[in-house]
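Subject: Structure for you to look at

Hello,

Please find the structure below, with notes on what was found in it. Have it open while you read.

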Amino acid sequence: MAELAAEKNERLSWVSANVPLISNLDVWANIALIRQYHENMAAAEARRLAEEYLRRYGLEGISSKRGPALTNEQRFCVMLLRAVMVRDAILIIDQPYKILIYSKADTYLDDTLKVIDDSFKECYIFDLTWNRDRYRTTNAS
Amino acid sequence: MTAVLEHIGRRTLNISSTLRDTLSSAFRILLRMFDPRVYTSAVRSVLINQIYFTSVQILPLFLGASIIVGSLLIGIVFQTIKDLGLAEYTGRILMGFVVTELSPLITVQLITLRSSSAMNTEVAVMKVNNEINTLRVFDIDLVNYLFLPRIINGIISVVLLSSLFSIVVITSGILFSKLIFGMSLDAYTILILNSATFADAVILFLKCSAFGFFITLIPIQCGLNATNELTSIPIAVLHGMVKVFIAIIIIEVLSLILRFI
């Protein structure tokens, strides 16, 4: 049981305003860092992988930008891509609308996750109850 | 009177606990340095970037400063030697004083001013921005990712740049030995070779390594001491830089004691 918990713990991957992008790394390096550090993936290969994922969102143009130069939506996508770099990731998205401050479309989150749904195992979203409407749900707990 | 004693006691305890913390982390990092598993692709990337920022980007400024300061220094030293009638000690003074004492000291001051302050600020900003939390959340070891590549870069940079400074000084010596003593190139070369000892080289290497180690370790540690407030950044940098200068003085004094034992 403890082993399973530890294994699950290793796969927990956070997307949260409290887990920001590293400001002295380019977008691709922020995403690639996880595989480079944990799997010793070569920098060139990790960059290729990161850019491949960015292409899914049509964001290949921001690859060499840094965190502060991104829009909220771009930052959210980059955080999401960084999170799915964890093998068999269990995504924990904590208050996404703290990052997507001005996002109005209630399908944005679903649409964004759908693009990379082959890259994570499970996904849990935590938010405050007053944001319930944005999830089109009535039974949020 | 009691208040004064309390103040002295408190200061002493603070200093000794800072010293103990610094030395114990230095020891832990030193052990980690010899573990090949920590050198992952991410750590190597940081190391390469750090070497570029510290040793390569600084080269034009450093070479310029070395030529100006080194030439002036060697000119003054040779003129003083001539005025005092100590010409037979020229080689020993050049190697024992200028190369092994002044070169590392000037080099370490330059690197501290440029790179240590930058590292201190960088880490403090990371702390304030919660980026240190990001590393922890993604299970990235702070010692492996933040400390090790920067410290190894510090050691490599101080050793190499100090050697470069020494080469510039010795090369300037060719001109000044000709102008002041009328010495030929052959005679100057023999003088330098006869004055160089293996012990000096070892002490020089150890001293440069120690400088490189502590002028990077201390700023990173102080950067991590920043709180979550922006105003803590200048305080962290100020504390870090003061501690770095104290460390430089301690290492210099210890190396002098070691040389004259």
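In chain A, 3 strands make an open sheet with parallel pairing, in the order E1-E2-E3. Strands and helices here are DSSP runs (E, at least two residues, for strands; H or I, at least four, for helices), numbered from the N terminus. Two strands count as paired if DSSP finds at least two bridges between them. In general, the strands of a sheet pair through backbone hydrogen bonds, either parallel or antiparallel.

The model is predicted: local features need pLDDT of at least 70 and side-chain atom pairs pLDDT 80 or more, while totals for chains, interfaces and linings use all residues. Residues are numbered from 1 along each chain as its sequence is written, chains are lettered from A and ligands numbered from 1 in the order in which they are written, and side-chain values use heavy atoms, without hydrogens and water.

Strand E1 (12-16) and strand E3 (120-126) of chain A are its edges, each pairing on one side only. On average, neighbouring strands are turned by 20 degrees against each other, direction ignored. Strand E2 (residues 89-94) of chain A pairs with E3(A) over 6 bridges; Leu91(A) has Cys123(A) in E3(A) as its bridge partner.

Helix H5 (residues 108-115) of chain A lies across E2 and E3 of chain A and runs at about 165 degrees to E3(A). Such angles run from 0 to 180 degrees between N-to-C directions, with axes fitted to C-alpha atoms, for helices over the stretch in contact; contact means heavy atoms within 4.5 Å.

Over all chains there are 12 salt bridges (a side-chain nitrogen of Lys or Arg within 4 Å of a carboxyl oxygen of Asp or Glu). One joins Asp118(A) and Arg56(A) at 2.8 Å, N to O. Asp118(A) is in the loop between H5 and E3 of chain A and Arg56(A) is in helix H3 (residues 43-56) of chain A, 62 residues apart.

Now the interface. How many residues does the contact take from each chain? Chain A gives 22 residues and chain B gives 23 residues. The two chains bury about 1,700 Å² between them, 58% of it on carbon and sulfur atoms (accessible area, 1.4 Å probe, lost on being put together, summed over both parts). In chain B, Ser41(B), Glu131(B) and Phe138(B) lose the most area to chain A, together 32% of what that side buries.

Regards
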